[in-house]
Amino acid sequence: MKLSTRLTVAMVALVAVTSGAVGMLTYSNAQRTALPRALERIDTHASLLAAQLEASVRGARGDVAGFRAAVAVDGIIRASLTGGAHSTDGITVAQWSDRLAARFSAELVAKSNYAELRVIGIKDGGREIVRVERREPRGPVRVVRQEELQREAEQRYFQESIKLQPGEIYVSPIELNRENGAIEVPYVPVLHIAAPVFAPDGSPFGIVIVTVDLRSDFAQVSAAEQTGATIYVVNERGDYLLHPDSSRTFGFEFGKPYRLQDDFPDLAGLPALEDAKPRVSQRRDGERFGAALASVQLAGGPRIAIVEIVPYARILAATQAVRDASLFGGLAATLVAMIVAFFVARSLTRPLEQMTRAVEGFAGGGAIAVPTHAGGEIGVLARAFERMATEVREKTAALTKEIEERRSIFENSLDLILIVDRQGTFLRVSPSSVTILRIKPEDMVGRSATEFIHPDDLENTRVEMRRSRRGREMRNFECRYMHADGHAVTLAWTGVWSEPEQRHFFIGRDMTESLKLAQQLRQSQKMDAIGQLTGGVAHDFNNILTVITGTIEVLAEGVAGRPQLAAIAKMIDEAATRGADLTNHLLAFARKQPLQPRATDVNALIVDTARLLRPTLGEQIEIEAMLPDDAWPAMIDPVQLSTAIINLAVNARDAMPDGGKLTLETRNVTLDEAYARDNADVTPGPYVMVAVSDTGCGIPAELRDRVFEPFFTTKEIGKGTGLGLSMVYGFVKQSNGHIKIYSEEGHGTTIKVYLPKLNETVEAALAPREIVAMPGGGETVLVVEDDSMVRNYVIAQLLSLGYQTLAAANATEALVFLKNGDTFDLLFTDVIMPGGLNGRQLADEMIRRRPSLKVLYTSGYTENAIVHHGRLDQGVALLNKPYRKADLARKIREVLGSAPA
């Protein structure tokens, strides 16, 4: 075949292919343009319907709040509580009900979508007090007679509403209306909006409720269907509330749920989303369709969604017309090309064919082969085209890579990225704004940064931006932005100004968790430091108190016949006792007290403790216990737990000087990993929660972090030591538990104590042996005590009890008696001593040499010698300092375990 023929065929084919490609490209571009626009129209229409539906019930929430505060409702409450007539004005419940019914009637006349307005009392099975109704939209309004009033206590909306706190409002899911417990026929979709009303003493009296008839609203949604489109209304689970086939609506009410996701699997999960973009999906049978979903909360209650479905063919009807026109134009162009090619083919040569193929390869991204060796204009054109094609491809690849990298960083960054113009208006906002501020990027773009920055940080931010523009340098600073829920979020910013683009570029890192962890660390370090200090003080103080409490007994006996001196001795004795209590509280806070945990029925312990509390708290304090039968046993020291509850109850009493209510509650809880991340001292796992709540004055926010510090108190001088809560804190921490305080000024305080659940594989601690009072004996006791005053006091007391004694100031001196072969029956040693060995190590060494030797430890501060993980080692006998002569005598006889010699 001749070249001219081949060229003619090639040119015609090229034109045909080009025309076809142009036609298909035109169709593709039209499809790309038309499809988003069509989906956007569907989405806009669905959003409009959702907005209209939400607007129709928007005022109902405010109406319920207004009715709750109505004078007539207050009159009904007061008249009901005073025997049927108000004690002041004499107006009866019936008269108040008539007044309220008149107001309800006017409200129903004004608002055609209201079906019922009611006041329901809590008494008599939730019997209606006032009910005004309308059976049909815009129909006549009727005040229901007393004999027709129903009992609604079993209705879910009544049960949910009556549990609410003052100021809270309940909004039900959309459901079918029920009369006397049965679904009303014909079916009426309704929305119940209710609020509790309370008696003057704060107890629940009943509820005020509006029932909104949604038939008219649903009818408007159905009437808004566009040609070829189908509209559904679904709830958060996907159940149909509105469907072209009426037999499929509210199927869940009859035990036959019909759901959106069953018919449209691709839309599964969308009804629960707040922001679902329109999309193209497939039915279960493979048919494609366009779908838009608009989610809305009716009156702030459960979320529903308007779903609009349009067949895919309907969406692309216009683009198919464009495709047909393009194909027709391509055919015409091909016919013209055949004529032109016949004349052009004679004058062209092979290099032109190569150039044509090169152009096609360049356009399609394939290899480029141009006749660079050809002469004349074709050769010059070929060489220039080769250089241009190579340069364009290299720059295009580099630019594409850079754009993709920047887009990926911007879209996936965990930090907040902002692009801001000179005036502080947001031009672009990264998607991370949703995570950090719960604000969508589109809600920030085009608005001034001043609308989102904390007012106290505005001026500093302006200064940083001006400095950046002047110096063209990167700036680092902190600035708080306002979260969608109203709290401030601290962000660490890095910003730079671009002069060519006249824009600021900022990257902000959320510092909330970092600041929170730093605060927790500082608080933990402070409490640990105070604990170390108090533990050391208690050790030395207990040594002093041991001598004081012991010698005052001797002094009291000596002055028994002299009343004035005996009174002074008694005052010293009481002061020493108070000092001992203080050191015990300090040791509890420092987590140095020797605990003896065992399996404990927390409910039974609280019941016993409550009996002790009633005379202590007084008649003006009401005590309520909420103790579920399934509460787990706890591995805890029951004596210390009882003391802790008493301390918490006394603090609660002091917060209620005019009387109030004390609530003791237990519950099984499991603290998970998320809670542990927010509370650094918590180990995830099962706990028995004990809550002590009061209705007192509450604790100011600025003081809540200090209430567990020793000697910190807000009470008047002389009315508190500031150690009660400190003791509770230390005891809970030493027991591997957790304590949390919740308080609001003017509303009361709740302190929750989380106790470790009993591990069923751990045996309960053995019950202590019965101690027989044996005041003295004739055995030999080796006393090892580094404090000379305490040592001399102990020796004197033992001699008075009939014992023989040996004395040593430290472990080294004590071992000399062992080396010399001295006999003794009991080692009585302090735990904490200077030198190479402590009391425990000394005892271990002596028992190794004399296995039958009995050992009794004494200490005011045990460290970790005989107490581990907050528990006294099994088989260890300990006499806590300070102690009295009788305590010493009984403990020695208990350890020796025999009658006196």
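**Around helix α4**

Guide: The cover over the buried residues of α4 includes α2 (58–68), α3 (71–81), β1 (114–121), β2 (128–133) and β3 (142–143). Contact here means heavy atoms within 4.5 Å, and buried means under 20% relative accessible area, with exposed over 50% and partly exposed in between (1.4 Å probe, protein chains only). Helices (H or I, at least four residues) and strands (E, at least two) are DSSP runs, numbered from the N terminus.

Before going on, some housekeeping. This is a predicted model, where local features need pLDDT of at least 70 and side-chain atom pairs count only at pLDDT 80 or more, while totals for chains, interfaces and linings use all residues. Residues are numbered from 1 along each chain as its sequence is written, and side-chain values use heavy atoms, with hydrogens and water left out.

Back to α4 itself. This helix covers residues 93–110, which is 18 residues, and spans 26 Å from first C-alpha to last, close to the 26 Å expected at 1.5 Å a residue; the expected span is 1.5 Å times one less than the number of residues. Its buried residues are W96, S97, L100, A101, F104, S105, E107 and L108.

Two of the covering elements bring salt bridges into the story, meaning a side-chain nitrogen of Lys or Arg within 4 Å of a carboxyl oxygen of Asp or Glu. In α3, D74 and R78 sit 4 residues apart, about one turn of the helix, and they form a salt bridge with the closest N and O atoms 3.1 Å apart. D74 is partly exposed at 37% relative accessible area, and R78 is partly exposed too, at 35%.

R131 pairs with E179, the closest N and O atoms being 2.9 Å apart. R131 is buried at 3% relative accessible area, and E179 is buried at 18%.

Those two belong to a set of 45 salt bridges in the structure. Another joins R893 and E779, at 3.0 Å from N to O. R893 belongs to helix α24 (residues 885–896), whereas E779 is in the loop between β26 (748–756) and β27 (780–784), so this pair ties together parts 114 residues apart in sequence. R893 and E779 are both buried.

Now for the rings. There are 12 aromatic pairs in the structure. Tilted is the label for F250 and F252, at 5.8 Å centre to centre and 40 degrees between the planes. The rule is that rings of Phe, Tyr and Trp (its six-membered ring) pair if their centres lie within 6.5 Å, with planes under 30 degrees apart called stacked, over 60 edge-to-face and the rest tilted. W493 and F506 are edge-to-face, 6.2 Å centre to centre with 80 degrees between the planes. W493 is in strand β18 (residues 488–498) and F506 in strand β19 (residues 503–510), so their pair ties together parts 13 residues apart in sequence. W493 is buried at 4% relative accessibility, and F506 is buried at 9%. Ring pairs also link Y232, Y240, F264 and F289 into a cluster.

F250 counts as buried at 4% relative accessibility, while F252 counts as partly exposed at 24%. R237 lies over the face of F252, 5.4 Å from the ring centre; a charge sits over a ring if NZ of Lys or CZ of Arg is within 6 Å of the ring centre and within 35 degrees of the ring normal. Elsewhere, the charged end of K757 is over the ring of W632, 4.3 Å from its centre.

Last stop, the backbone. Most residues other than glycine have a negative phi, and most peptide bonds are trans. F250, in the loop between β11 (240–242) and α8 (260–263), has a positive phi near 55 degrees. A299 also has a positive phi, about 60 degrees; A299 is in the loop between β13 (288–297) and β14 (303–311) and is buried at 4% relative accessible area. The V185 to P186 peptide bond is cis, with omega near -5 degrees, and P186 is in the loop between β7 (182–183) and β8 (189–198).
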